Amino acid sequence: MKLSEIKQHLSALKTIAFQLPDGSLVPNHFHVTEVGKITKNFIDCGGTIRNEEVVNFQLWNANDYDHRLHPEKLFHIIELSEKVLNIPDLEIEVEYQGSTIGKYGLDFDGTNFLLTTKQTDCLAKDNCGIPTEKPRVKLSDLQKQTACEPNSGCC
């Protein structure tokens, strides 16, 4: 989800809820402690130099049970961040504290913002000899292969 999309969703909501991948909700007294732009400059395993930018939201639970972040407040924080930090309409990544800091993608189901799982990946599969998709094998071809005979000593 991009910044423009979350602002569109926020403008139509009365309350904000974030749902973890396991279906549980982030406690409703969470705070958004950071909105920022993260720039990652790196070289992949194939030797290609890469540059990625995302907007980072950090969610945090406090013992402050009497306050709840309202949609218009988060909208204002986002707009201020865009202006002051010169943030373009980038994809959003969310940090949330579990047993360690987890990084999540962000989606919306019409009611809740969904923290989606992220996966590592090889960005240079063609340079590393990793097939981009599994080779297709016909079952009939497998049955034609010479099999090891019982008592032949090959197994």
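Accessible areas are those given by the Shrake-Rupley method with a 1.4 Å probe, and the model to which they are applied here is a predicted one.

**Exercise 1.** State what the accessible surface of the protein comes to, and which share of the residues counts as buried.

*Solution.* The accessible surface comes to about 10800 Å², and carbon and sulfur atoms account for 50% of that area. Turning to burial, 32% of the 155 residues count as buried.

**Exercise 2.** Work out in which order the strands of the sheet lie, and which strands stand at its edges.

*Solution.* Begin with the inventory, which comes to 4 helices and 6 strands, arranged from the N terminus as α-β-β-β-α-β-β-β-α-α. The 6 strands form an open sheet with mixed pairing, in the order 1-6-5-4-3-2. Strand 1 (18-19) and strand 2 (30-43) each have a single partner strand and therefore stand at the edges, with one side of each left without a neighbour in the sheet. Strand 2 pairs with strand 3 (residues 49-61) in the antiparallel sense, over 13 bridges, and within this pair Lys37 stands opposite Val55 of strand 3.

Conventions: Residues are numbered from 1 along each chain as its sequence is written. This is a predicted model: local features need pLDDT of at least 70, side-chain atom pairs count only at pLDDT 80 or more; totals for chains, interfaces and linings use all residues. Side-chain values use heavy atoms; hydrogens and water are left out. Two strands pair if DSSP finds at least two bridges between them. Helices (H or I, at least four residues) and strands (E, at least two) are DSSP runs, numbered from the N terminus. Buried means under 20% relative accessible area, exposed over 50%, partly exposed in between (1.4 Å probe, protein chains only).
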